[in-house]
Each structure stands twice: as C-alpha cells, then as structure tokens.
Amino acid sequence: MNANTYENLQQSHPCFGGQKNNAGRIHLPVSPGCNIGCAFCDRQINETEDRPGVTSTVIEPSDVVEVITEALKKCPDIKVAGIAGPGDTLATDKAIETFRIVKEHFPELLKCMSTNGLLLYEKADELIDIGIDSLTVTVNAVDPEIEAKLNKFIIYHGKRIEGVEAAKILIENQLKGIKKVADSGITVKINTVLVPEINGDHIEEIAKTVAGLGAKIYNIIPLIPQADLKDMKAPTCPEIDSARTRAGKYIDVFRHCQHCRADAVGVPGKSEFGDQIYFRRVNIKETFSHG
C-alpha cells in the first residue's frame, strides 16, 4: 500500500490542499502526444497562456535530473514532481520512464500524474510498480451519449474510433483503471471540465460513480471556451458552486485549482519559476498532433 495517504497529501501536495503550507510542484512536460480528441482542447507550445495543455517546450526524460536540480535550487519548497502533459501521459512511455528517473534520483519528491484514462487500466500495474503517489483522471462523463459530445474520437491501439463507440471504450477504461489504482492505495483525484450545456446536469452522477470506485477528491474545472466549444458559454460562479455542492454529497471537492500550465514550477499562486527553468523561449503557437 502507498505510504502517502490522502491525509498526508493534503499537507504536502498543492492540488490536494497543500498550497496553504507553501507546497510547490514542478511539472515535467515530457508527454507531447495525445490519444483522444477533446472538443474543448487546444494544446499549444507558447509562453503566453496560463492554462492546462500549454507548455513553452517539451523535454526528454534524459533532461529531468538537470531540470529538477535547477528547480530545487530556485524553489526549495518543491515537494511534488508531476507530469500533466501537454498531451496524455500514457499515450507514450515517456512519463513512466521519467518517474523511474525521479524515483531513483529524487526519492523525497512525491510523484503525481494526470491522464485522460484511455490506457489507464492496462498501464495501471506499471504505475503502481513505480510508486506514484497520486493520480488525476479527467472524467467528463460516465454516460457515453454525453461523453460523445465532449470528445470527438479516440486513437486506441492504432485505430481511430469516433462517437458513442469511442466514448464507451474511454469510460470503461477510465472506471476500471480508477478502481485498480485506488485499490492499490494510490490517491486518485478526478477532474471534470464543466460545460453547463452538456454535462452540467451530470456532475452528481460522475461524483457518485467515481467515489464508489475509490476516488478521494473531485476537481470541477470551468470550461475555457475554445476549439470546437469556442461558442459555448463558460460556467458562471453560481453554476460552478452548484456543481460543487452536488458533487460534495459524495466526495471531497477541491476548490482552489489554478489552471496550471504543463510546465509550471513553484508554489501555485505565490511563486512561478517556469520561465526560468524552461526558458519560455518559444514565441510561436504550434499545435500538437494526435498519435
């Protein structure tokens, strides 16, 4: 069983409440590829936007020791090494390779990753073996009809699958993976992008489902209107609060998400060193490919 319980993470991980204790994190942008087509996603290489899916550069696992060493010099408060993209962490083997390096060279750091969960069930044993401390899975629906409105396609074992069929595969793999990882003792957090016109009335069902599988905390993220959902309205503060209240009947709700970039470094809301660590030297927008 993992020694870092949910209660411990609340003290030392900024995405679980540790920001009040000046807990910092470094995101390692080693995962450029993605395997699903979220309708709201606009992954970019740029230095101007502060949101998920954005990085100023992509590094290799071989760069990680140097990068973390420099980051710890600038921000000794860093307690977490996380991988949150800019693509999906399980679409390639680079995240798992990176965590093996972190485990060897920086055993004191918590290991945290985010995934869309398409390959979570089949990769779960590897994640458990390398000893990640927390896992975040983005689950935007547990109803395939709703999910199909939020995700255009998946690329699953080399095959592009669309619509409800794709949604059924994604949801099944997410839910089986969440249970397997949670049963091992790893703390699981769920992210949901709130799109009021699509999944606004579905939040309670998501929360109830993932809590029943062992997830510990739920993070409801307001839609940033962009990509195929650029004409959708972002949720209002009352809509976000209502969704959180409904979800809170089943699971602990996280309320302080900072929409961190995939190359964020420092203490959320207090210090940011990503521009110094990754040099933010790319000035053009460049989209990523799916594969």
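Reader: How many bridges join β7 to β10, and do they run parallel or antiparallel?
Author: Five bridges join β7 to β10, and these strands run parallel. Strands pair here if DSSP finds at least two bridges between them. Helices (H or I, at least four residues) and strands (E, at least two) are DSSP runs, numbered from the N terminus. The model is predicted: local features need pLDDT of at least 70, side-chain atom pairs count only at pLDDT 80 or more, and totals for chains, interfaces and linings use all residues. Residues are numbered from 1 along each chain as its sequence is written, and side-chain values use heavy atoms, with hydrogens and water left out.

Reader: Which residue stands opposite T136 in β10?
Author: T136 has K189 opposite it in β10.

Reader: And what joins β10 to β11?
Author: Six bridges do, and β10 and β11 (residues 217-222) run parallel. In this pairing V193 stands opposite I221 of β11.

Reader: Is β10 mostly covered or uncovered?
Author: Strand β10 (residues 187-194) is mostly covered, with eight of its eight residues buried. Buried means under 20% relative accessible area, exposed over 50%, and partly exposed in between (1.4 Å probe, protein chains only). In a regular strand the side chains alternate between the two faces of the sheet. On one side of β10, T187, K189, N191 and V193 are buried, and on the other V188, I190, T192 and L194 are buried.

Reader: Turning to α4, which of its residues are buried?
Author: In helix α4 (residues 120-130), the buried residues are L120, K123, A124, L127 and I130. Seen down the axis of α4, they fall within an arc of 140°, so they line one face of the helix. The arc is that of the directions from the helix axis to the C-beta atoms.

Reader: What covers the buried residues of α4?
Author: The cover includes α3 (94-105), β6 (110-115), β7 (134-138) and α6 (163-183).

Reader: What follows α4?
Author: G131 does, and its phi is positive, near 80°.

Reader: How do the axes of α4 and α6 cross?
Author: The two axes come within 8 Å and cross at roughly 20°. Axes are lines fitted to C-alpha atoms, for helices over the stretch in contact, and angles run from 0 to 180 degrees between N-to-C directions. The helices α4 and α6 are therefore roughly parallel to each other; angles under 35 degrees count as roughly parallel, over 145 as roughly antiparallel, 65 to 115 as roughly perpendicular and the rest as oblique.

Reader: Which residues make that contact?
Author: On α4 they are L120, Y121, A124, D125 and I128, and on α6 they are N173, Q174, K176, G177, I178, K180 and V181. Contact means heavy atoms within 4.5 Å.

Reader: What else does α6 lie across?
Author: Helix α6 lies across β2, β8 and β9, running at about 65° to β8. Those three strands form an open sheet in the order β2-β8-β9, with antiparallel pairing. The edge strands, β2 (36-38) and β9, each pair on one side only.

Reader: How many bridges join β8 to β9?
Author: Four bridges join strand β8 (residues 151-156) to strand β9 (residues 159-162). I155 has R160 as its bridge partner in β9, and F153 stands opposite E162.

Reader: Which residue of the β8 and β9 hairpin takes a positive phi?
Author: H157 does, near 55°, in a hairpin with two residues between the strands.
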